[in-house]
Structure formats: C-alpha cells, structure tokens
Amino acid sequence: MNHAPHDSLNKRFQQCIHDLKPDLVLVIFGFDLSFESLRLLKSQNITSICWWINDPFQLKRSLQKANQYDFLFTNAYDSVKDYRA
C-alpha cells in the first residue's frame, strides 16, 4: 500500500475539524497539510492562517500552498512581494 507523506496527520486533522468545528485554524509551517485538508477548511468556511517560519529559504515550497490559506504571515519582509504576486 502506497501512502502519501502525512496521510495519518491529515486524517486526524480532518476528523478534528469535523468534531470541533472551529472558526479559525492557525498553522505554523503549513507544508504538511494536504490540499484536501485545506479544501475542507474552505468548504466549512473556516478561516485559515499559516505562519511560514522558514522564509526565504523555503519560499518556493511555501508558494505551492500559500494561495490555499486565507491569511499568511512570514518572518521575512522581502518575501511579502513574492506572496502577493
């Protein structure tokens, strides 16, 4: 059986979303949440925030999911223009 990395984490995360029904989710270094988990947040109208803590070193990687979050925080001022683009 072939599992994507972090399948277990995402399964538990999605179950918590269903059980707790939060208004807001804050994720630090949000690489491990799957697109499916992020779509679940949007479908439930749950505000999502991600604080990328490794900019600009992981910028290319973070840009892959940045637009899936409602709000982004970064620790690197120079990364802001890349996120806006």
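Is K42 buried, partly exposed or exposed? Let us work through this and a few more exercises on this predicted model.

**Exercise 1. Classify K42 by its accessibility.**

Step 1. Take the relative accessibility of K42, which is 37%.
Step 2. Recall the cut-offs: buried is under 20%, exposed is over 50%, and partly exposed lies in between.
Step 3. K42 therefore counts as partly exposed.

**Exercise 2. Find the salt-bridge partner of K42 and say which parts of the chain the pair ties together.**

Step 1. The count of salt bridges comes to one.
Step 2. K42 forms a salt bridge with D70, and the closest N and O atoms are 3.3 Å apart.
Step 3. K42 belongs to helix α2 (residues 35–43), while D70 lies in the loop between α3 and β3, so the pair ties together parts that are 28 residues apart in sequence.
Step 4. For D70, a relative accessibility of 38% means that this residue counts as partly exposed.

**Exercise 3. Describe the nonpolar surface patch and name the element that gives the most to it.**

Step 1. Two or more residues each come from β1 (24–28) and β3 (71–74).
Step 2. With three residues, β1 gives the most to the patch.

Methods. Residues are numbered from 1 along each chain as its sequence is written. This is a predicted model: local features need pLDDT of at least 70, side-chain atom pairs count only at pLDDT 80 or more; totals for chains, interfaces and linings use all residues. Side-chain values use heavy atoms; hydrogens and water are left out. Helices (H or I, at least four residues) and strands (E, at least two) are DSSP runs, numbered from the N terminus. A salt bridge is a side-chain nitrogen of Lys or Arg within 4 Å of a carboxyl oxygen of Asp or Glu. Buried means under 20% relative accessible area, exposed over 50%, partly exposed in between (1.4 Å probe, protein chains only).
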